[in-house]
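Reader: I have a structure open and a few things to ask about it. Can we go through it bit by bit?

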Amino acid sequence: MTSAPKPDPVSGDRLARRNALLLAAAQAMGGATASIVVALGGLAGHELLGADKSLATLPVTFFVLGTACGTLPAGYLMRHLGRRTAYMAAAVLGGFGGVLACLGIIQGSFVTLLLGTMCAGFAGAFVQSYRFAAADTASESFRPKAISWVMTGGLIAGIIGPQSVILTADLFLPIMFAGSFATIAVLNLVGLCLLAFVRIPRPTVSERMETGRPILQIISQERFIVAAACGIGSYAMMSFVMTATPLAMIACGHTQTDAALAIQWHVLAMFAPSFFTGSLITRFGKANVVAFGLTLLVGCGIVALAGVEVENFWFALVLLGIGWNLAFIGATSMVTDVYRPEERNKVQATNDFLIFGFVALASFSSGNVLNDFGWQTINWVLFPVVLVCLALLGWLVLRERRASF
């Protein structure tokens with residue numbers, strides 16, 4: 001069996017730090033795309049649709065659906081072409097998606113807007129794997145920090161995305177929002193330039209041929225099942241609440257700027273903890289960090305149910321972002337425990353396919369639930385999902401403790 005060489009803790013982590021910094025910068029560009037689509041997708045859809053607004057959040061859903069559809073091809077391309085080549089090709093596709101969405105708004109074509117956001121989402125599947133790419137050249141001790149470093153790029157994305165919305169939404173007046181989607185192409189071009197400097201060894205011929213254990217054998221491990229469930233639960237609920245928030249705020253009489261700033265604070269909260277999440281995982285353990293993150297999601301639901309003032313929306317989204325960060329990075333770190341080097345691409349792709357498949361479902365249902373049942377119901381859904389994840393996590397911890405005796 002041929003496997004990738006283990007990184008040397010000294011020389012390997014020097015390369016890992018370099019890659020992590022570059023990938024963090026690229027994450028800032030690619031992550032800003034998601035912020036723009038989330039902040040404006042529902043509003044743009046609302047403008048383009050007729051009397052029935054129940055499908056207004058479909059542009060966001062198609063973005064997430066594109067991400068889900070892109071996860072398995074991303075794993076295949078990265079395995080056979082190498083991560084850098086695959087990432088650069090995805091950046092080109094993401095830029096094309098931004099242009100297509102812009103044209104859809106200018107032409108008043110809801111379908112073209114959906115195709116554009118789906119292309120951008122497909123490229124987003126590659127962006128999501130940046131966190132795994134940072135771990136490829138890292139030693140075991142540095143791996144959680146490498147993942148955390150890359151996620152800090154989202155902190156900058158949390159500023160770039162919403163500010164792009166505020167500054168460019170009226171760029172092509174009288175047509176609203178087209179300028180912000182055009183910005184996606186510019187951001188992907190910058191990301192393309194950054195990715196050219198990433199240095200991750202391409203898989204050798206033998207590594208491409210060696211696939212390791214069957215995927216069903218790997219994902220049937222208890223640790224993978226629980227890690228994937230927590231990743232799915234935290235990400236799907238984050239998307240479910242976040243997607244509905246801009247429309248809910250407008251419905252409650254708040255302004256478009258209030259909604260964009262709410263998304264900005266939310267995205268900042270999603271990624272700001274990444275500066276210390278890796279250290280928290282090292283100190284307190286992966287399961288404990290995931291559990292605390294899930295608990296914060298409950299706090300989000302409580303704050304959101306307490307009122308509909310701007311402060312309620314903003315504070316709830318901050319808790320939602322921090323909770324997602326801790327739960328998702330912790331779950332990602334748990335996934336890295338279950339595979340061998342030659343198995344990483346297919347396991348990572350399968351993990352992300354499962355996550356974003358459920359995220360797409362959550363995003364799609366978010367608009368319908370908001371339209372039919374209201375903002376209160378959106379937040380009540382958080383509680384049973386989080387409780388199931390916490391129960392599974394507690395079960396796994398007890399099982400592993402008993403096995404160690």
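Reader: Where is Thr112?
Author: Thr112 is in helix H4, residues 110-128. Helices here are DSSP runs of H or I with at least four residues, numbered from the N terminus. This is a predicted model, where local features need pLDDT of at least 70, side-chain atom pairs count only at pLDDT 80 or more, and totals for chains, interfaces and linings use all residues. Residues are numbered from 1 along each chain as its sequence is written, and side-chain values use heavy atoms, with hydrogens and water left out.

Reader: Is Thr112 buried or exposed?
Author: Thr112 counts as buried, because its relative accessibility is 17%. Buried means under 20% relative accessible area, exposed over 50%, and partly exposed in between, with a 1.4 Å probe and protein chains only.

Reader: And which residues is Thr112 in contact with, leaving aside neighbours within four places in sequence?
Author: Leu100, Ala101, Gly104 and Gln107. Contact means heavy atoms within 4.5 Å.

Reader: New topic. How do H2 and H16 pack?
Author: Helix H2 (residues 58-81) and H16 pack at an angle of about 170°, and their axes are 8 Å apart. The axes are lines fitted to C-alpha atoms over the stretch in contact, and angles run from 0 to 180 degrees between N-to-C directions.

Reader: What does that make H2 and H16 to each other?
Author: They are therefore roughly antiparallel. That word covers angles over 145 degrees; under 35 is roughly parallel, 65 to 115 roughly perpendicular, and the rest oblique.

Reader: Which residues of H2 and H16 meet?
Author: Among them are Leu65, Leu72 and Met78 in H2, and Phe353, Phe356 and Phe364 in H16. By class, the contact of H2 with H16 has 13 nonpolar, eight polar and two charged residues. Ala, Val, Leu, Ile, Met, Phe, Trp, Tyr, Cys and Pro count as nonpolar, Asp, Glu, Lys and Arg as charged, and the others, Gly among them, as polar.

Reader: Now the loop between H7 and H8. Where is the cis peptide bond?
Author: A cis peptide bond joins Leu173 and Pro174, with omega about 10°. Pro174 is in the loop between helix H7 (153-168) and helix H8 (178-195).

Reader: What about Phe177?
Author: Phe177 is also found in the loop between H7 and H8. Its phi is near 80°, a positive value in a residue other than glycine.

Reader: Buried or exposed, that Phe177?
Author: Phe177 is at 6% relative accessibility, so it counts as buried.

Methods
Helices (H or I, at least four residues) and strands (E, at least two) are DSSP runs, numbered from the N terminus.
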